[in-house]
Amino acid sequence: MSTALIQLTYFFASALFILGLKDLGSPETARRGNLFAAAGMFLAIVGTLAHRDIISYEWIVTGMIIGSAIGAAMAIFMPMTAMPERIALSHAFGGLAAAFVGISEYYRHGAEMELLKTVPVGFEVIFGALTFTGSLMAFGKLSGYITQVPVTYKFQNQSNISLFAVTLALYVAWLFTPSYPVLFYIMLGLAFLIGVLMVLPIGGADMPVVICLLNSYAGLAASATGFVLSNNILIIAGSLDGASGLILSIMMSKAMNRSFTNVLFGAFGSVAETVPGAAASATGSVNEGTIDDAVTVLRNAQRVIVVPGYGMAVSQAQHALRELADLLDSDGVTVKYAIHPVAGRMPGHMNVLLAEANVAYDHIFDLEDINDEFSKTDAVIVIGANDVVNPAAKTNPSSPIYGMPVLNVEEARTVIVLKRSMSAGFAGIDNELFALPNTMMVFGDAKQTVTKMVQALKS
Amino acid sequence: MQAELLFAFYIFMLAAFLGFQIISKVPPLLHTPLMSATNAISGISLVGSLVAAGAHYNPVSTALGFIAVTAATINVVGGFMITDRMLKMFKKKEGKKP
């Protein structure tokens, strides 16, 4: 009776998850969708608490209280600019939970486990463990505890692949001899190590793909847990999450013109390997403009497009930017925002920041919707973006980013580039946009520059 | 047992297809909230950890279950709350000036 009741709550929870994700497809219904999904989760938890194996609640209640307190504190106090870090951290928690449930199952049943259970337990533990350490590494890189520069060494790919092969071999060996826990625990340790080594060679600009991929892994680990426990809600929710992460990472790698297999097999660092060197070669011929020059251009403009990038997030310039756009708007200037799919450190990063600054989402456009409009635009403000506006992606076949879809900002009458210095972007390549005759470089911290532009425009 | 496994694979496959269909319709505008919501949903591991933490199979399983419950609850509670906080900010018409 109680089992049937639990299954019934799972049934409704699954329906609510799916409805919720469907509603997340439109900004008008998205909030309701999130509530649906939360309601589904609540149902599933309440149902599970009636499970007949549960004999006492002290650890459950303690864990849930601690978890809720930490989760709520993070949700309330974390600034929107730290969203990529938070997402990375939460993938780590998801991976850890899945791995621990798997270890606990193996510890409990040991050698009595049938192949039907050991196959998913191993899968769950490997994916959970590498998601945990991989996400912690991503968190460290995003929050600056670990260098965002790709860390590479000789034979890196070869040693990573060998490590993965050894782990896989241990897994298979353990499947046939589940009575040897030592195989299992070495496999677990190697999976933790793989997570670290996998993310080590990845640079800041490749983070969107990695975050999506880890999202997918966390989902797959949860799904494997479902196979272990013969629990449908885990299978469904996990595979929804896995599919979502996979789609997003495919989209992100397309937006960077990298094949998905190239990304999957850890060749993340390969673009960045062509790194440093001649970053300053374009400096000679750039037009440097003052705040007043930039404001004069904007005063004479009818149509303005703003192109934000990670630099906007770093200097938290979104509020000042919105003030600038408001002033221009009250002078009858049309201001639009153009967002490249990989701008920032996770998918949709710029949209969240602009939303936080109260920019209406119908003023924000995706690359394919706005790319033809640049030729009819008087002024473009590039704020903290670099590689996504590099014309070399279209013109220079030897450029590492050749073929990547970019925003055609150089077609506008004037391009105002706000940039801290003449340094190269994360892909480490020159940007010939900065040396074009219709480009005006305004150096300085983006937020300060925009604030000064607002003051100049007011006077 | 074999039939049960096959059934589980059916469910996995159908959910994955459905997920692909629904999620490919989500516009880039909402990709961050989508990711944080699916992350909260993947906190469903909580369901598995609850049993491990409360069943007292053995002390190790209980300890692992307890940590897993804590970690998964952080995701569930934090994930849904922050997604709501984000989505609250998405407005169509120009709102009041801050």
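**Helix packing and chain contact in the predicted model**

In this predicted model, helix 1 (residues 2-23) of chain A packs against helix 9 (residues 232-255) of chain A, their axes coming within 9 Å and crossing at roughly 10°. Because angles under 35 degrees count as roughly parallel, helix 1 of chain A is roughly parallel to helix 9 of chain A. On the side of helix 1 of chain A, the contact is made by A:Tyr10, A:Ala13, A:Ser14, A:Phe17 and A:Leu21. Helix 9 of chain A contributes A:Asn232, A:Ile233, A:Ile236, A:Ala237 and A:Leu240. By class, eight residues of this contact are nonpolar and two are polar, and no charged residue takes part.

The domain assignment divides chain A into domain 1 (1-77), domain 2 (81-273) and domain 3 (279-458). A distance of 42 Å separates the C-alpha centres of domain 1 of chain A and domain 3 of chain A.

The contact between the two chains involves 93 residues from chain A and 83 residues from chain B. On the chain B side, helix 1 (2-23), helix 2 (31-42), helix 3 (45-54) and helix 4 (59-89) each supply at least two residues. Of the elements of chain B, helix 4 gives the most to the side that touches chain A, with 29 residues. The side of chain B that touches chain A comprises 49 nonpolar, 25 polar and nine charged residues.

How values were computed
Residues numbered from 1 in each chain as written. Chains lettered and ligands numbered in written order. Predicted model: local features only at pLDDT ≥ 70, side-chain atom pairs only at ≥ 80, totals over all residues. Axes fitted to C-alpha atoms, helices over the stretch in contact; angles between N-to-C directions. Helix = DSSP H or I, 4+ residues; strand = E, 2+ residues; numbered from the N terminus. Parallel < 35°, antiparallel > 145°, perpendicular 65-115°, else oblique. Contact = placed C-beta atoms within 7 Å. Nonpolar A, V, L, I, M, F, W, Y, C, P; charged D, E, K, R; others polar. Domains from an automatic or database assignment.
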